[in-house]
Amino acid sequence: MPDGWQWDRTLFQGSAAHYQRGRLPYAPGFAETLATALGLDGRGRLLDVGCGPGTVTLALTRFFTEAIGVDPDEDMLAEAERQARRRGVTNARWVAARAEDLPAGLGEFRVVVFAQSFHWTDRDRVAATVLEMLEPGGAFVHISDLKDPPAEPAPPPLPAPPYAQIGDLVRRYLGAVRRAGRGTPVNGTPNREDLVLARAGFDDFERHVVAAGEVVDRTADDIVAWTFSRSDSAPHLFGDRLEDFERDLRAVLRQAAPGNRFAERLPATEMMTWRKPRGAR
Ligand SMILES: C[S@@+](CC[C@H](N)C(=O)[O-])C[C@H]1O[C@@H](n2cnc3c(N)ncnc32)[C@H](O)[C@@H]1O
């Protein structure tokens, strides 16, 4: 987890309601690419840790007999359950827990996924636990938006969402140092998952990038939802200034696009996989 930072349950407090609307989807076809890469055949069990509103869990349920989404944020799990019901998914269930609480009696898995959630965990400890929870040859999967290179700007006429100005506004309200939960992660988001996974005893690393690039229209409401879906501008951080912040945010958006419509390209999705060695117990 970020240096000097302590997890607390306010991390994504109030974000769940905004998540589905605000976040851009992973690249179309990411689930099929992963299924092919891992040779998924509809058998075995999936664990999605830090599942949020179940975006990745629900995209993958059809490749497994059962899927379990784990997240400490009960509002996120309620959203996941709602989405599962809406899509008629019957082989997924949701467990309120932190990654650090695993194995939590959940049993053995063929695949354990962390989609933009591993960096919030005590990574060495969690990687060691996941190794024990996987069947031999099972896979640890890390999924995220590909940030480098960033997605190309969308073509005119609609403007891009004014992310830099939104960042400035958040800093005006919350201060120059990024906030998350009740603390301030000093070193930003940790990376080098490869070192963590190698230390834990995983091998057979593969990297798959699924291109996206489709241009999507976004309304001002979508961008407001995006802002509140983030841990560093989650609604609770603004306290009794939340309404003032939202009013100022909408003013920034109106100034950037008087018609309140924006366009941007979907980012590519990066998936990194490691295997539990077949000889390991
Ligand atoms: C950026 S969201 C990603 C949600 C989802 N995986 C996705 O890709 O859309 C990060 C999620 O990780 C969860 N999370 C944060 N710390 C965690 C921890 N220590 N253990 C498990 N989940 C955690 C948060 O509650 C949040 O739902």
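## Strands β2 and β3

Strand β2 (residues 66–71) and strand β3 (residues 92–96) run parallel and are joined by 5 bridges, where pairing requires that DSSP find at least two bridges between the strands. Ala67 stands opposite Ala92 in β3. Between β2 and β3 the chain passes through helix α4 (residues 74–87), giving a right-handed β-α-β crossover (clockwise from the first strand over the helix to the second, with the strands pointing away from the viewer).

This is a predicted model, in which local features need pLDDT of at least 70 and side-chain atom pairs count only at pLDDT 80 or more, while totals for chains, interfaces and linings use all residues. Residues are numbered from 1 along each chain as its sequence is written. Helices (H or I, at least four residues) and strands (E, at least two) are DSSP runs, numbered from the N terminus.

## Helices α8 and α9

The axes of helix α8 (residues 220–228) and helix α9 (residues 242–256) come within 10 Å and cross at roughly 130°, the axes being lines fitted to C-alpha atoms over the stretch in contact, with angles from 0 to 180 degrees between N-to-C directions. α8 and α9 are therefore oblique to each other (angles under 35 degrees count as roughly parallel, over 145 as roughly antiparallel, 65 to 115 as roughly perpendicular and the rest as oblique).

Ala220, Ile223, Val224 and Thr227 in α8 meet Glu246, Leu249, Arg250 and Leu253 in α9, contact meaning that C-beta atoms, placed from the backbone, lie within 7 Å.

## Helices α6 and α9

Helix α6 (residues 163–174) packs against α9 at about 160°, with the axes 10 Å apart, and the two are therefore roughly antiparallel. From α6, Gln165, Ile166, Leu169 and Tyr173 make the contact, and from α9, Phe245, Asp248, Leu249, Val252 and Ala256.

Notes
Contact = placed C-beta atoms within 7 Å.
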